[in-house]
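Dear colleague,

Please find the structure below, followed by a short account of what was found in it.

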Amino acid sequence: MISANLSAIFYLISGILFILALRGLSSPETSRQGNFFGILGMIIAITVTFFTIGNFSTSTIYVLIFLLVGGAIGALIAFKIPMTAMPELVAGFHSLVGLAAVFVAISAFKNPQAFNLGVPGDIKLASLIEMSIGAAVGAITFSGSIIAFLKLRGIMSGSPITFTGQHIVNLIIGISIFLLIYFLCISQSENFFWSMIAISFLIGVLLIIPIGGADMPVVISMLNSYSGWAAAGIGFTLENTALIITGALVGSSGAILSYIMCKGMNRSFFSVILGGFGGDTSVSKDKKKDQKPVKSGNAEDAAFLLKNASSVIIVPGYGMAVAQAQHALREMVDTLKKNDIKVSYAVHPVAGRMPGHMNVLLAEANVPYDEVFELDDINNDFANTDVAFVIGANDVTNPVAKTDPQSPIFGMPVLDVEKCKSVLFVKRSLSPGYAGVDNELFYRENTMMLFADAKKMTEDIVKNIN
Amino acid sequence: MEIDPFIFRFSIFILAIFVGYYVVWSVTPSLHTPLMSVTNAISSVIIVGAIIAALAGSSENIFEMSNIFGFLAIVLAAVNIFGGFLVTQRMLQMYKKKKKK
C-alpha cells in the first residue's frame with residue numbers, strides 16, 4: 001500500500017511519458033522510442049493502481065485474468081489485422097474506449113464509496129456532473145464508432161443516410177441529454193442516469209449515419225477526440241492526473257486531426273458533421289459534359305511513356321487501398337528506378353479513409369518514407385515532371401477546384417498533376433469521384449486513361465517495361 | 001479561503017490541452033495513422049478506474065453489479081492497450097529510410 005500522494009506522483013510520471021510518446025511521432029526515427037515511453041507509462045499507471053489499493057486478494061487474481069484475456073485478444077487482433085483494414089480497426093478501438101468509459105461511470109454511480117465520491121443517493125454534485133459527462137461522451141463515442149466501423153468495413157453502405165427533420169431530432173436529443181443530467185443532479189435518481197446513457201447511445205448513431213464514406217477521415221479523427229474527452233471526464237471523477245492529462249492530449253490530438261482533414265477538403269467542420277455531402281443533391285446539377293473525347297490506353301502505352309520519362313510522380317488514393325495495389329506499385333517503381341528514372345510519391349492529406357492512410361500502406365510495401373511527400377512539399381514539382389501516375393485518386397487531382405467557383409469542391413487544395421507533361425490515370429471507369437464532380441482531367445490533351453483494376457494494371461505495366 | 005482541488009485538476013487539464021496542441025502539430029503527417037492508434041492506446045489508461053471499480057467492496061462478494069462493470073471495462077481497456085500499442089509498433093517498424101547505396 002502506497003500513499004495517495006506518492007501514487008499521484010507516479011500518475012503524473014505516466015502522464016508525462018504519454019506526452020513523450022506523442023512527441024516521438026514527430027519523426028519516424030524517434031517514433032519507436034516514443035511508443036516504448038507510452039508502454040512504460042501504461043505499465044506504471046496500472047502497477048501503481050494495484051499498489052494504491054493494496055489488499056491483494058482473490059479479486060486481484062480475477063483482475064489479472066480479465067486483464068490477460070483482454071490483452072490476448074488485443075494482441076491477436078494487432079498481429080492478424082491487414083494494414084488495409086487499419087481505418088476500421090481504429091474505429092473499432094475507439095468504440096471500446098467509449099464503452100469502457102461508460103462502464104467505469106456506471107460502477108462509480110453504483111458504488112461511489114469505492115471512489116470517495118459519497119454514498120449512493122448522495123453523490124457529490126461535481127462528481128455526478130463529471131461522471132455523467134464522461135458516460136454521455138463515452139456512449140456517443142461507442143455507438144458512433146460502431147457505425148463508422150460498419151461503414152468502413154462495408155457492412156453498412158458508405159452513402160449518407162438522411163431523413164427529414166434529422167437535425168431537429170438531433171437537437172432535441174442533445175438538449176434532452178443536458179436536461180437529464182440536470183434532473184439527475186437534483187434528484188440523484190437512477191432512472192435519469194440510465195435514460196441519459198440510453199439516449200447518448202442513440203445520438204451517437206444518429207450523428208454518424210448521415211456522413212458519407214470519403215468524409216470518414218474527419219469522422220475518425222472526431223471520434224478520436226471524443227474518446228479523449230470521455231477519458232478526461234472519468235479522470236475528473238476519479239481525481240486521477242494520468243487520466244486527465246491523457247484525456248486532454250487525446251482530445252486535442254483528435255481535434256487537430258479533424259481540423260487538418262477539414263482543411264484538406266476545404267469544408268467547414270459543421271458541414272461535414274451535418275452530413276449528406278455527395279448524396280443525390282450535388283450529383284443532380286450535372287452539366288452535360290456532352291461526350292468530350294477521352295484518350296485511353298493500355299499497359300503497353302503506359303509502359304512506353306513511363307520508360308521514356310526521366311521523372312515520375314505517383315499519386316495514390318483510396319482506390320489503391322481497395323485494389324491492394326501498393327506492393328505491385330512498389331515493384332513498378334523499382335523497375336523504373338532501375339532504368340534511372342526519378343520517382344517520388346505525392347500524398348494528399350485526405351487521400352484514403354483516415355489521416356495518414358496512404359503513408360502506412362506505402363510503408364507496408366517497403367517504400368522509404370523519405371520518398372513520400374506531402375501536398376505542399378511536392379506541388380511545385382509537377383510542372384517539371386514528365387509523368388504523373390494517378391492510381392486510385394480522383395477528386396484530389398481535379399483542376400476544377402482551382403478554376404470553377406460553382407463547383408462543390410472549389411477551393412479544395414488539389415495536387416497540380418495537370419502541369420506534368422503527361423498524366424496516366426488508372427481508374428475503372430469515368431465515373432465521378434465521391435464529391436459527385438466530373439474530373440476535368442479526364443478530358444485533357446495530355447491525359448491518358450488506363451481503364452483497369454489498379455493492381456492488375458500496375459502488374460501489366462511492369463511486364464511491359466521489362 | 002482555500003482553493004477547491006477541482007481547480008487544480010482543471011488547471012492540469014487546460015495545460016495538458018495546450019501541451020497536446022503543440023505536440024500534435026509537430027507530428028509529421030506521414031505518421032498520423034500511428035498517432036491515432038497510439039492515442040487510442042494511451043486513452044485506455046481508463047483501465048485505472050476499471051481496476052478500482054473491480055476491486056471495490058468486500059472480498060467475499062466480488063461480483064456485485066459495480067464490480068462486474070469494472071471487470072468488463074478491464075477487458076475492453078486491455079484489448080485496447082495491447083492491441084493499440086502492438087499495432088502501432090507494427091506500423092512504425094515498417095517506416096524505413098531509403099537504403100544508402
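Strand 6 and strand 7 (residues 422-427) of chain A run parallel and are joined by five bridges. Strands here are DSSP runs of E with at least two residues, helices are runs of H or I with at least four, and both are numbered from the N terminus. Two strands count as paired if DSSP finds at least two bridges between them. Within this pair, A:Ala388 has A:Val423 in strand 7 of chain A as its bridge partner.

The model is predicted, so local features need pLDDT of at least 70 and side-chain atom pairs count only at pLDDT 80 or more, while totals for chains, interfaces and linings use all residues. Residues are numbered from 1 along each chain as its sequence is written, chains are lettered from A and ligands numbered from 1 in the order in which they are written, and side-chain values use heavy atoms, with hydrogens and water left out.

Strand 6 of chain A also runs parallel to strand 3 (residues 311-316) of chain A, again with five bridges; here A:Ile314 stands opposite A:Phe389. These strands belong to an open sheet of six strands in chain A, with the order 5-4-3-6-7-8 and parallel pairing. Its edge strands, strand 5 (372-374) and strand 8 (447-451) of chain A, each pair on one side only. Strand 8 of chain A is joined to strand 7 of chain A by five bridges in the parallel sense, with A:Leu450 as the bridge partner of A:Val426.

Helix 12 (residues 299-307) of chain A lies across strand 3, strand 6, strand 7 and strand 8 of chain A, at about 140° to strand 7 of chain A. Contact means heavy atoms within 4.5 Å. Axes are lines fitted to C-alpha atoms, for helices over the stretch in contact, with angles from 0 to 180 degrees between N-to-C directions.

Yours sincerely
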